[in-house]
Amino acid sequence: MSERKAEFIIEERDVVTAMKLASSSSLAVPTPLVLGVGSAVVAVAMYYFHNETNFITNYVIPILIVMLVAVALLQYAVIPWQARRHFQQSAMFSDEITMQWDADGFSLSGKRGQTTIDWSELYRWNENDVALLLYQSQIMFHVIPKRALGQGRADDLIGKIVAAGVKKR
């Protein structure tokens, strides 16, 4: 088995990915699905009602279009912009972080401090190809870049989280 330790520095792309993952996973339905289904509904409605002037063509279709544009802008422009801005404003992102874990929990340490968290204290966890998010509450989470773990240690870490009964978001 590999060592249960990882050292990393959070990069801008990690913060952007984490914020997009956190915001999209807070929705009941994934953002791409919302945009795809919403666009299909608008297209079908426009096809069937294109020669009519009624409530659907005057109000429903324009409102749906505005909502779809707002969701797309939020997910793919505003959230990444805010994440980049946050990354640039915070000096702590330049620090190297050491993470260690075992069957009981994990610890994070760096030049600005150290914390140890039991798995039972986690609210949820989530992941994508780039990052692993360990939530302490609905809006507070730790970003662990998967590039720092490699496949073996990532599987081991996720195995400990799952074995502790922490729910995936």
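Student: Is the crossing in which H2 passes H3 left-handed or right-handed?
Tutor: Keep in mind that this is a predicted model. The crossing of H2 past H3 is left-handed.

Student: What is the angle at which helix H2 and helix H3 pack, and how far apart are their axes?
Tutor: In general, two packed helices are described by the angle between their axes and the distance between the axes. Here helix H2 (residues 31-49) packs with helix H3 (residues 55-89) at about 155 degrees, and the axes are 10 Å apart. That angle makes H2 roughly antiparallel to H3, because angles over 145 degrees count as such.

Student: Which residues in H2 and H3 meet?
Tutor: An α-helix has 3.6 residues a turn, so residues three or four places apart point the same way. From H2, the residues in contact include Leu 35, Val 42 and Phe 49. On the H3 side, Ile 61, Leu 68 and Tyr 76 are among them.

Student: In which order do the strands of the open sheet lie?
Tutor: Strands of a sheet pair through backbone hydrogen bonds, either parallel or antiparallel. In this model three strands form an open sheet in the order S5-S6-S7, with antiparallel pairing. S5 and strand S7 (141-145) are at the edges with a single partner strand each, so one side of each has no neighbour in the sheet. From one strand to the next, the twist averages 15 degrees.

Student: Which helix packs on the sheet?
Tutor: Helix H1 (residues 12-25) does, touching S5, S6 and S7. The direction of H1 makes about 130 degrees with that of S7.

Student: How many bridges join S5 to S6, and how many residues does the hairpin use?
Tutor: The two strands are antiparallel and joined by four bridges. The hairpin between S5 and S6 goes through three residues. Within the pair, Asn 126 is opposite Leu 133 in S6, and Arg 124 is opposite Tyr 135 in S6.

Student: What span should helix H4 have?
Tutor: At 1.5 Å a residue, the 14 residues of H4 (residues 150-163) should span 20 Å, and the end C-alpha atoms are 20 Å apart, which agrees.

Student: Which residues of H4 are buried, and what covers them?
Tutor: The buried residues of H4 are Ala 154, Asp 156, Leu 157, Ile 158, Lys 160 and Ile 161. Their cover includes strand S2 (96-101), strand S5 (124-127) and strand S6 (131-135). Just after H4, Gly 165 has a positive phi of about 85 degrees.

Methods:
Residues are numbered from 1 along each chain as its sequence is written. This is a predicted model: local features need pLDDT of at least 70, side-chain atom pairs count only at pLDDT 80 or more; totals for chains, interfaces and linings use all residues. Side-chain values use heavy atoms; hydrogens and water are left out. The expected span of a helix is 1.5 Å times one less than its number of residues. Buried means under 20% relative accessible area, exposed over 50%, partly exposed in between (1.4 Å probe, protein chains only). Contact means heavy atoms within 4.5 Å. Two strands pair if DSSP finds at least two bridges between them. Axes are lines fitted to C-alpha atoms, for helices over the stretch in contact, and angles run from 0 to 180 degrees between N-to-C directions. Angles under 35 degrees count as roughly parallel, over 145 as roughly antiparallel, 65 to 115 as roughly perpendicular and the rest as oblique. A crossing is left-handed if the near helix is turned anticlockwise from the far one by less than a right angle, and right-handed if clockwise.
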